[in-house]
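I set down here what I looked up, beginning with the ligand and then turning to the aromatic rings.

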Amino acid sequence: MIRMWDDQFCQADLKIAELWQELDAESGDHTVSAIYDIMHENLAEVWKETHRVLVDGGIACINIGDATRTVSGKFRLFPNHARIIELCERAGFTTLPYILWKKPTTKPKYKGKGAFLGSGFLPPNAYVTLDCEYILLFRKGGLRKFPRNDNLRYESKFTKEQRDAWFSQIWELKGNRQTNREIQRRTGAFPDEVADRLIQMFSVKGDKVLDPFLGSGTTMRAAMRRDRNSVGYEIDDSLLPLIRSNNEEFIFSIMRREPKSRG
Ligand SMILES: C[S@@+](CC[C@H](N)C(=O)[O-])C[C@H]1O[C@@H](n2cnc3c(N)ncnc32)[C@H](O)[C@@H]1O
């Protein structure tokens, strides 16, 4: 429910495009809720498939922000994280305690426009700024089983300092957002540190890490730098040169597949 992804959702599902077109002041809430529902139904296909391909005991990590948006003159929150938890549980996942990634603070907003001004200081019409994104964590099945004295697992051990920082609920990370504005704008890339931590927390050396939403290829790069294999999917082939240059230190192959037509 942020503008940046509208076109992609409209292409993925014609019903979404139709609903945006018919949106008017009267149909407002009802139509927007329908769009929101269908977007999540589309995403749920990925959660189902992720569940299918994960090993037993494997962990799925989903970085998602909630969204605020003014539609038909009404400002509201779209709590994506809550919807995704519900749909992942329906796909068979068990929900685990999640992480809140606190991003570099943007100024508090008033009606979604820049800093507080005038009546932004008067109760009750100012809004809390969304300055955290969620990193939702899910497990498939029970605890993952390893052979006794599995060397790769012991080689993947993290330190006490890493454990203390990584397994606390709030991560304050600046990362590469500032240095890579253009990539960030085009793909919604997260800092390498997000992928790097998650890969070390939830996989062992030699594992295969899947990213079904590659973007600029951050996850793939982090996985391979940590001695994991990696597979990724990206629907927007204009990002291919970026993915390639971000991963040029590794051996990888690219396969093109016609997308399944929908809608
Ligand atoms: C938020 S970005 C991921 C950014 C990534 N974590 C990074 O650091 O660059 C989501 C990506 O998923 C891609 N995408 C959306 N729907 C897809 C689909 N059905 N199959 C594959 N990729 C898809 C989008 O084109 C976009 O590049």
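This is a predicted model: local features need pLDDT of at least 70, side-chain atom pairs count only at pLDDT 80 or more; totals for chains, interfaces and linings use all residues.

Residues are numbered from 1 along each chain as its sequence is written, and side-chain values use heavy atoms, without hydrogens and water.

Entry 1, the ligand. I found 18 residues around the ligand, of which Gln8, Thr187, Ser216, Thr218 and Glu234 come nearest. I then looked up polar contacts (pairs of N or O atoms within 3.5 Å). A side-chain N or O atom of glutamine 8 is 2.7 Å from an oxygen atom of the ligand. For serine 216, a polar side-chain atom lies 2.6 Å from a ligand oxygen. Phenylalanine 190 places a backbone N or O atom 3.2 Å from an oxygen atom of the ligand.

I took rings of Phe, Tyr and Trp (its six-membered ring) as paired if their centres lie within 6.5 Å, with planes under 30 degrees apart stacked, over 60 edge-to-face and the rest tilted. The count comes to 8 aromatic pairs. Tyrosine 98 and tyrosine 134 pair edge-to-face, at 5.5 Å centre to centre and 65 degrees between the planes. Tyrosine 98 lies in strand β4 and tyrosine 134 in strand β5 (strands being DSSP runs of E, at least two residues), so the pair ties together parts 36 residues apart in sequence. I also noted that ring pairs link Phe158, Trp166, Phe167 and Phe202 into a cluster.

Key. A residue is near a molecule or strand if one of its heavy atoms lies within 4 Å of it. A polar contact is a pair of N or O atoms within 3.5 Å; within protein, one must be able to donate a hydrogen and the other to accept it, and residues adjacent in sequence count only if both atoms are side-chain atoms. Helices (H or I, at least four residues) and strands (E, at least two) are DSSP runs, numbered from the N terminus.
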